[in-house]
Amino acid sequence: MRSARLFTVVIAATLAVGALAADWPHWRGPDRNGIAPDTGINKDWNARPPQVLWQTPMHDDGYAGPAVADGRVFIIDHEGADDVVRAIDLETGQDLWQARYPDLARADYGFSRSSPVYDDGHLYTVSYLGQVHRISAASGEIVWSVNMRQQFAGVSPQWGYAMSALIDGDRVIVVPGGPDACVVALDKATGEVIWAGGGSDIPGYATPVKATIQEVEQYVVFAGKALIGVAVEDGRLLWRVPWETAYDVNAATPIISGNAVYITSNYKRGCAVISIEADGPRIVWENTNMASHFNTSVFHDGYLYGPSNPNLVCLDPSNGQIMWQQSGFERGGCVGVDGVIIAMGGASGDVVMVEATPERYHELGRIRPLGGQSWTAPIIANGKLIIRNKQALACLDIM
């Protein structure tokens, strides 16, 4: 198949009857698709609005995202000139430990905007200034640190590094954006370099994605001026599609189905589906019907649901046409769960539950637990919805 119809294939998961819940150990959740496998959630918010189980202050005045594993919420906060990686008890909201290291001294749209990645008892974090850390998830001890700017002559994006690390087996994949080191694979245990490659593109803000396209394992990377494919084996640049925006803001994570890759950027650039063919990439369609500033859409049952300031949009990726759009969401993120989309009102802080259907915008419930600017994508773990605004992190019961 050599068309965007590949994107309409439904990738279904078989779920056990009754409630199901899971951790959210890294960016975009357990299956890296922005969808929580939890089932049996409460969908009658009018009769039974979700209750706030706990709330804790954030000091970064920003947008770093949470991850959940082993009964703990992990998030990167900031105090003074230090990043503060926090482990918070999922049940009580109490801090269990904090790990600190020097980073940016003055806020620039907050500080770190990445999510910690949990893997096999350790966290992997990326700071605004490009420091990559491996941290014990049990104690907060920093095991190793790599500075992407110093070690790889990385070119920091205008608003700092914001991607999360990608853990792939024994490797940590990061995007320094240096000469012959756009993408780097580090040894997970030691931080030593396995390979550096992918050409010399400057970094974007998006987290890399692993995929098998045309029977080749590769990392798909939304760099500052292009979408690229990099061989898992040795970092060879496999293909490149130029994609330039004002200020080089390519931030939303690429979404891949078969050999089709969906990308979107703001600053009037829009969105596209790119087919990666045996003889090279081909843009299937491109338009401005969705222009996501930084938050990533959810691909569910053949349709995309995501932010396009000021709207929440349902888009048909086979042809780029809008199925419906609803205003009032600004730059807020969203998460899929149990047949619904839970989306944030980026300016208001509203948490809105919407039926995941292309037929029409059907709102199922709306609450405002925190209020205020809420650009960070919500996550769902073990039946709990975790949200934040610039001042606080909150955990809500949605079962």
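Visitor: How many residues lie between E16 and E17 in the hairpin that they form?

Guide: Strands of a sheet pair through backbone hydrogen bonds, either parallel or antiparallel. Here E16 and E17 make a hairpin with 3 residues between them. A strand, labelled E, is a DSSP run of at least two residues, numbered from the N terminus, and two strands pair if DSSP finds at least two bridges between them. Strand E17 covers residues 226-231 and runs antiparallel to E16, to which 5 bridges join it. Within this pairing, Val221 stands opposite Ile228 in E17. Keep in mind that the model is predicted, that local features need pLDDT of at least 70 and side-chain atom pairs count only at pLDDT 80 or more, while totals for chains, interfaces and linings use all residues. Residues are numbered from 1 along each chain as its sequence is written, and side-chain values use heavy atoms, with hydrogens and water left out.

Visitor: In which sense do strand E15 and E16 pair, parallel or antiparallel?

Guide: Strand E15, residues 209-213, pairs with E16 in the antiparallel sense over 5 bridges. One place to look is Thr212, whose bridge partner in E16 is Glu217. E15 and E16 form a hairpin too, with 2 residues between them, and in that turn Gln214 has a positive phi of about 50 degrees.

Visitor: What is the order of the strands in the open sheet of 4 strands?

Guide: The order is E19-E20-E21-E22, and the pairing is antiparallel. Strand E19 (255-257) and strand E22 (280-287) stand at the edges with a single partner strand each, so one side of each is left without a neighbour in the sheet. Neighbouring strands of this sheet are turned by 20 degrees against each other on average, direction ignored; axes are lines fitted to C-alpha atoms, and angles run from 0 to 180 degrees between N-to-C directions.

Visitor: How many cavities of 30 Å³ or more does a search of the whole structure find?

Guide: On a 1 Å grid over the protein atoms alone, a cavity is a set of points where a 1.4 Å probe fits but cannot get out, a pocket is an open set with protein on both sides within 12 Å along at least five of seven lines, and lining residues have an atom within 4 Å of a point. A volume is the space filled by probe spheres set on the points, which are joined across faces, edges and corners. The search finds 2 such cavities. The largest cavity has a volume of about 40 Å³, and its lining includes His293, Phe294, Asn295 and Arg331. The second largest cavity has a volume of about 30 Å³, and strand E20 (residues 260-265) gives the most to its lining, with 3 residues.

Visitor: Which residues lie nearest the centre of the second largest pocket?

Guide: They are Tyr63, Arg113, Ala251, Phe294 and Asn295, out of 35 lining residues, and the pocket's volume is about 740 Å³. Its lining has 20 nonpolar, 12 polar and 3 charged residues, where Ala, Val, Leu, Ile, Met, Phe, Trp, Tyr, Cys and Pro count as nonpolar, Asp, Glu, Lys and Arg as charged, and the others, Gly among them, as polar.

Visitor: How many aromatic pairs does the structure hold?

Guide: Rings of Phe, Tyr and Trp (its six-membered ring) pair if their centres lie within 6.5 Å, and planes under 30 degrees apart count as stacked, over 60 as edge-to-face and the rest as tilted. The structure holds 12 such pairs. Among them is the tilted pair of Phe294 and Trp375, at 5.3 Å centre to centre and 45 degrees between the planes. These two residues are 81 residues apart, Phe294 in the loop between E22 and strand E23 (298-300) and Trp375 in the loop between strand E30 (363-367) and strand E31 (379-381). Phe294 is partly exposed, with a relative accessible area of 23%, whereas Trp375, at 12%, counts as buried.

How values were computed. Buried means under 20% relative accessible area, exposed over 50%, partly exposed in between (1.4 Å probe, protein chains only).
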